[in-house]
Amino acid sequence: EKAGYRHFMAKEIAEQPVVLADALKHYIGGGRLNLPEGLDFTGVDRVVMVACGTANLACQVAKYWFEQIAGLACDVDIASEFRYRDPVLSDRSLAVFVSQSGETADTLAALRHAQDRVAQTLAVVNVPTSSIARESGLALPILAGVEVGVASTKAFTCQLAVLALLALKAGRDRGVLSEERLAGHLAALANLPGLLNHAVGLGEDLAALAVDIARARDVLFLGRGAMYPLALEGALKLKEISYIHAEGYAAGELKHGPIALVDASVPVVVMAPRDALFDKTVSNMQEVMARAGKVVLMSDPQGVAQAGEGVWRTITLPEVPPLLAPILYAVPAQLLAYHTAVAKGTDVDQPRNLAKSVTVE
Ligand code: F6R
């Protein structure tokens, strides 16, 4: 069932262009959004998103989208924190629960907590028969197909795609996104599978980098804007399967503490598509270089040409509209974690201490 791949994780990373295209095809028809009738952001003044782990990081990316595309306030919670902190909910809140398995105990409990306290509950799940799908008001499948590897990969990119479509729907319902701009976003989404295909093809470059990353004790990941949650995801993926200590930071936060960790032994992965924050991220990157940190710059060709001088390694990704960069940059983050784990000889598909579905609190 690994279809010739050495691990399920490798297969699932490689499948992303295809499953993402399937998910997009399901939700976009004739240049229009094809979402359930009952889904309506018109009277909504706040989106509340709740999830664990990688699914939570997808929500953190989506927060930027809801704010930027739809001008809609958005809170993101870790499911295990949500119901214990008296979250402020109202009949104008729409609550979204994101889960690959649809069985994560904390996310399910959070859904039950929100059920009578919000206008609408919505599940974004991979398993359409799961408890979270059944108990929520509406369920949107992400259509990633069965995910076997414990480290979530294709579910993450498909979650992001569905959440991007929700933000577009919110923008339309609220009258802040024009037909023209919607069409532009949909066209950009339609190009994504091809870009992901290119990123999947960078496996050998990332495998070569991974040989060196495998020797590190600590690795930092940096990003700004919607690339900040991607930095968190890069770090999560690396630590869970290679057991190397890794942390993600908002690039601007580095100088408030974590830069103390940087020396010539610490690789620092900078996720920097050429967006409005590129120059600021690059200046944070230079702070790392001034302390001899080993910078891995992930950017597009022009970004690498502009800022790549003197960095330790570069990974060149195709150019992508900034809004969609988090979906594309997920792939090199996954491949780096994967190949580092392979180089270290750890159990990639079944890392120690972890379960695919966490059904206890
Ligand atoms: C990380 C990972 C976990 C899950 C988390 C939530 O690679 O897979 O962090 O994302 O346990 O699981 P689901 O999405 O099934 O609720």
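In this predicted model, Thr-104 reaches the ligand through its side chain: a polar atom there lies 2.4 Å from an oxygen atom of the ligand. Ser-99 also uses its side chain, with a polar atom sitting 2.6 Å from a ligand oxygen. Gln-100 goes about it through the backbone, where an N or O atom lies 2.6 Å from an oxygen atom of the ligand. As for overall cover, the ligand on its own has 410 Å² of accessible area, and the protein covers 90% of that.

The ligand takes up the space of the largest pocket.

Turning to charge pairs, the count comes to 20 salt bridges, taking a side-chain nitrogen of Lys or Arg within 4 Å of a carboxyl oxygen of Asp or Glu as the rule. One of them links Asp-173 with Lys-169, and here the closest N and O atoms are 3.1 Å apart, so the pair falls inside the 4 Å cut-off. Both partners belong to helix α7, which spans residues 154-173. Asp-173 and Lys-169 are four residues apart along α7, or about one turn of the helix.

Note on methods: Residues numbered from 1 in each chain as written. Predicted model: local features only at pLDDT ≥ 70, side-chain atom pairs only at ≥ 80, totals over all residues. Heavy atoms only, no water. Polar contact = N/O pair within 3.5 Å; in protein donor to acceptor, adjacent residues only side chain to side chain. Areas by Shrake-Rupley, 256 points an atom, 1.4 Å probe, with all protein chains shown as cover. 1 Å grid on protein atoms, 1.4 Å probe; cavity = no way out; pocket = protein on both sides within 12 Å on 5 of 7 lines; lining within 4 Å. Sits in = over half its atoms within 2 Å of the grid points. Helix = DSSP H or I, 4+ residues; strand = E, 2+ residues; numbered from the N terminus.
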